[in-house]
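Student: I would like to learn how to read a structure feature by feature, with the criteria spelled out. Could we go through one together?

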Amino acid sequence: MDAPAISFRKIGKRYPDGTRALDDVSLDVPRGQFCVLLGPSGAGKSTLLRMANRLAEPTEGRVIIEGRDLTPRTMKPIRRRIGMIHQSFNLVGRLSVAANIMTGALPALGPARVLAGLFPDALKTKACMLAASVGLDPAHMSRRADSLSGGQQQRVGIARAFMLDPAIVLADEPVASLDPRISSDILALIRDQARVRGATVLCSLHQIELARTFADRIVALRHGRLVFDGTPAELDRNAIRAIYGEAGPVPIASGGLAA
Ligand SMILES: Nc1ncnc2c1ncn2[C@@H]1O[C@H](COP(=O)(O)OP(=O)(O)OP(=O)(O)O)[C@@H](O)[C@H]1O
């Protein structure tokens, strides 16, 4: 049987200032799954997600990607297999949309070629194809990234994440900086792009309704511990209370619920 795309085994994380962010978290994400991480602010979602490409290091436990232990030695080849989508897009505002999309090839090209803007023609063709598939107009390609709307910038972020045909996409609150009205469009885009390419998605969210709509599976953290693991249908009132406590999640403007 295939190894899971991502395995977290007994993960603990204590930051240098003593903050205990994660405690004994074990989770297998099978290949092709759209797995959403829920939990109140400070629950440890970002810390766990960032461990999958070693942007954060566990103080206890193991991270295994497609059957291989993630270590300083294996990090480079494994990072080529992983795309990342950020909450605040993380684009270089003064660079063109095309250049931003092509920076997604950095793990393969290396920083020197990317900084010099030396992109092979095949990558330029691929960037155009990806831009079209995320709904960007060809006229956008030469525009500065910071001249685009937030929703358009996140489309650039999604195209960039798929540049190296990743097996895994990590999406860290990808709609938190966006107008709630376009959050569904952006999540649908991530899900559909991943589905077409057979990629696994681990995505942290604050909005329960969006999690229910898009997730194959929902996993939740509270105070750094796993407190829920089930299908969207299993995320009932009791589960929500276990995740967010008596006060419950905070309502947000879209009519959905946020932590
Ligand atoms: N670099 C750091 N140094 C010290 N503590 C940190 C650091 N990064 C995160 N933390 C702490 O670790 C805990 C988990 O943080 P994390 O960002 O993973 O939570 P989260 O669930 O993603 O929160 P949010 O939804 O607000 O983004 C919090 O208490 C946070 O303050």
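Tutor: Let us begin with a criterion for packing: two residues are in contact if their C-beta atoms, placed from the backbone, lie within 7 Å. Helices (H or I, at least four residues) and strands (E, at least two) are DSSP runs, numbered from the N terminus. The model before you is predicted, and local features need pLDDT of at least 70, side-chain atom pairs count only at pLDDT 80 or more, while totals for chains, interfaces and linings use all residues. Residues are numbered from 1 along each chain as its sequence is written.

Student: Against which helices do the buried residues of helix 6 pack?

Tutor: They pack against helix 3 (97-102) and helix 7 (150-161). As for the word itself, a residue is buried if 20 or more other C-beta atoms lie within 10 Å of its own, exposed if 12 or fewer, and partly exposed in between, with C-beta atoms placed from the backbone.

Student: Which residues of helix 6 are buried, and why do they line one face of the helix?

Tutor: The general idea is that an α-helix has 3.6 residues a turn, so residues three or four places apart point the same way. In helix 6, the buried residues are K126, A127, L130 and A131. Seen down the helix axis, they fall within an arc of 140° (the arc of the directions from the axis to the C-beta atoms), so they line one face of helix 6. On the other side of helix 6, D121, A122, T125 and M129 are exposed.

Student: How many residues does helix 6 have, and what span should they give?

Tutor: The expected span of a helix is 1.5 Å times one less than its number of residues. Helix 6 (residues 121-133) has 13 residues and should span 18 Å, and its end C-alpha atoms are 19 Å apart, which agrees. For helix 7, with 12 residues, the distance from first to last C-alpha is 16 Å, close to the 16 Å expected.

Student: How many residues of helix 7 are buried?

Tutor: Helix 7 is mostly covered, with 10 of its 12 residues buried; among them are Q152, R155, I158 and A161. The buried residues of helix 7 pack against strand 6 (82-85), helix 3, helix 6, strand 7 and helix 8 (180-197).

Student: How should I read the pairing of strands, for example between strand 3 and strand 9?

Tutor: Strands of a sheet pair through backbone hydrogen bonds, either parallel or antiparallel. Here, two strands pair if DSSP finds at least two bridges between them. Strand 3 (residues 34-38) and strand 9 (residues 217-222) run parallel and are joined by four bridges, with V36 standing opposite I218. Strand 9 also pairs with strand 10 (residues 225-230), in the antiparallel sense and over five bridges, and there V219 has D229 as its bridge partner.

Student: What is the strand order in the open sheet of four strands?

Tutor: The order is 2-1-4-5, with antiparallel pairing. Strand 2 (20-29) and strand 5 (68-69) are the edge strands, each pairing on one side only. Strand 4 (residues 60-65) is joined to strand 5 by two bridges, and I64 has D69 as its bridge partner in strand 5.

Student: Which residues other than glycine have a positive phi?

Tutor: Most residues other than glycine have a negative phi, and most peptide bonds are trans. One of the cases here is R54, with a positive phi of about 65°, found in the loop between helix 1 and strand 4. R54 counts as partly exposed, because it has 19 C-beta neighbours inside 10 Å. Another is D165, with phi near 50°, whose place is in the loop between helix 7 and strand 7 (168-172); D165 is exposed, with 12 other C-beta atoms within 10 Å. In the hairpin of strand 9 and strand 10, which has two residues between the strands, H223 also takes a positive phi near 50°.

Student: Which residues are around the ligand?

Tutor: A residue is near a molecule if its C-beta atom, placed from the backbone, lies within 6 Å of it. The residues around the ligand include Y15, D17, G39, K45 and T47, and helix 1 (residues 45-51) gives the most to this shell, with three residues.
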